[in-house]
Amino acid sequence: MPRFILIGILVVALLASLFVTPHLQPLLLKPSLFLPALLLILLLGDTWLALRSAAVGGVVMDLFSAGPFGAYVFAYVTTVVVTRWVFRTKITNRSLLALLSLTGIGSILASLLVMVNSHLGRLIDPRALSVSPTSSWVAVTVTDAFRTMALAVLVYWMIRLFGRRYSSLTAHEF
Amino acid sequence: MTLAAGPPQRRTILTIGSTLVAIVLLHYLGVLRPLERLAVQTLLPIGRWTTGWLSPVAETRSSETSARMAILEQRIAELNVENAQLQSALEAAVEADEQERFLKTRQFEGVAARLVARSGDPTSEFVTVDRGTRAGIQIDAPAIVAGGVIIGRVIAVTDDISRILLSTDNRSSFAGVSLQSTTTQGLVSGARGLSLSMGLISQSEHIEAGDIIVTSGVDSGVPRGLVLGEVERVDRQTGALFQSASLRPLFQSNRLDVITILTTNQ
């Protein structure tokens with residue numbers, strides 16, 4: 001898949017996460033579309049794009065967050081690195097189940113890291129808001145993970161569809 | 001799966017990590033402020049546009065009945081606010097000394113700001129508006145909507161944007177007092193982002209459903225008399241040290257658009 005399309009998807013997902021989904025609040029949730037897009041592009045094989053996007057997107061999220069600056073960028077970059085490591089060393093088969101596992105793990109990991117980072121960041125910026133592991137946080141995190149996995153199924157289908165069309169598509173092994 | 005651009009090596013990951021640490025440090029040192037301002041100013045029009053675009057969508061999604069109900073609820077809220085203001089004026093006449101000082105200091109100055117983004121954090125209730133320190137906004141400044149209903153206070157401010165923690169957020173708290181009985185005081189906190197609760201009300205005080213709770217003026221930077229909410233239910237248990245109450249906020253967070261932030265120190 002051409003890289004400019006992936007970049008376009010990431011930009012749209014980031015802007016939607018910042019300015020659209022928080023307004024709509026479907027089912028009282030505020031879904032982030034950026035993280036699923038990031039994870040799926042990572043699993044499509046474009047590690048460098050995923051890493052750079054995690055850094056740039058994380059900084060932008062931090063600029064509009066009330067948490068300590070750096071909470072999102074560190075969480076996203078770490079999530080990309082860890083997910084990729086799991087992808088290459090632990091879950092090495094390329095089944096749909098593997099894709100679902102990785103996106104689920106990545107989503108939950110990112111939420112955990114944002115929470116931990118927000119607490120650590122308050123050592124530098126005590127006025128910043130932190131995220132606490134309340135029951136609603138757990139509910140939202142688990143819902144996020146399932147939504148990301150549902151998106152992964154869609155992307156899995158797209159991979160197989162485009163895999164026949166683009167020889168340069170890197171995820172043909174799925 | 002073949003990786004498109006090769007795996008990141010350990011050294012590269014260390015480079016990225018140290019770059020991120022440097023970015024965060026430079027942010028807190030203020031070195032990145034011009035770049036951050038540029039990024040924010042570039043994105044603000046998108047936020048304004050989506051706010052303006054999505055608000056009418058939310059309105060038209062309602063059925064005719066629910067739209068009428070919303071109008072009536074809004075009217076009730078306005079009347080409550082008006083009532084609160086009248087009672088506040090009456091109180092001012094009775095407590096002349098205190099209220100004379102109050103009226104003198106109550107020459108509010110404010111900055112109108114447009115909502116550009118809402119919290120993306122799942123458990124936070126804050127909004128971002130398109131005015132910052134350059135417009136005179138300071139940390140802890142109260143944010144109000146029409147009629148003097150306080151919706152929260154500024155928790156973070158940069159040159160061009162401010163973040164307002166809504167009063168319905170769990171971490172928000174204001175010292176509140178009942179308009180009907182000015183000795184009835186308590187601590188008003190957010191409740192799960194949806195409503196308000198008032199605690200630490202002395203058992204000897206009288207409070208009942210329908211009472212209007214306003215800010216007591218104890219909080220730094222928050223003047224007395226800004227409307228926090230209306231009492232919906234009182235929880236009074238024998239043997240307990242304090243009684244508590246559930247409050248209905250008199251603003252709808254999903255319909256916020258233009259917000260006024262007070263800029264004068266009270």
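Trainee: Where in chain A is the place of Leu120(A)?

Mentor: Happy to start there, and keep in mind that this is a predicted model. Chain A has a helix covering residues 96-121, and Leu120(A) falls within that run. The place of Leu120(A) is therefore helix H6 of chain A.

Trainee: How many Å apart in space are Leu120(A) and Ser130(A)?

Mentor: In sequence, Leu120(A) and Ser130(A) are 10 residues apart. In space, taken from C-alpha to C-alpha, their separation is 8.9 Å.

Trainee: Turning to chain B, how many helices and strands does it have?

Mentor: Chain B has 266 residues, and 37% of them are buried. Of its contacts with a separation of 6 or more, 59% are between residues 24 or more positions apart. Its secondary structure comes to 4 helices and 12 strands.

Trainee: How many nonpolar, polar and charged residues are on the side of chain B that touches chain A?

Mentor: On this side, 38 residues of chain B are in contact with 44 residues of chain A. The elements giving two or more residues to it include helix H1 (10-29), helix H2 (33-61) and strand S5 (162-166) of chain B. By class, the side of chain B has 22 nonpolar, 10 polar and 6 charged residues.

Trainee: How many residues of S5(B) are buried?

Mentor: Look at both faces of the strand: Ser162(B), Ile164(B) and Leu166(B) point one way, Arg163(B) and Leu165(B) point the other way, and all are buried. S5(B) is thus largely enclosed by the rest of the structure, the number buried being 5 of the 5.

Trainee: Which residue is the bridge partner of Val154(B) in S5(B)?

Mentor: S5(B) runs antiparallel to S2(B), with 4 bridges joining them, and there Val129(B) is partnered with Ser162(B). S4(B) and S5(B) are also antiparallel, joined by 5 bridges, and a hairpin connects them through 4 residues. In this second pairing, the partner of Val154(B) is Ile164(B).

How values were computed
Residues are numbered from 1 along each chain as its sequence is written. Chains are lettered from A and ligands numbered from 1 in the order in which they are written. This is a predicted model: local features need pLDDT of at least 70, side-chain atom pairs count only at pLDDT 80 or more; totals for chains, interfaces and linings use all residues. A residue is buried if 20 or more other C-beta atoms lie within 10 Å of its own, exposed if 12 or fewer, and partly exposed in between; C-beta atoms are placed from the backbone. Two residues are in contact if their C-beta atoms, placed from the backbone, lie within 7 Å. Ala, Val, Leu, Ile, Met, Phe, Trp, Tyr, Cys and Pro count as nonpolar, Asp, Glu, Lys and Arg as charged, and the others, Gly among them, as polar. Two strands pair if DSSP finds at least two bridges between them.
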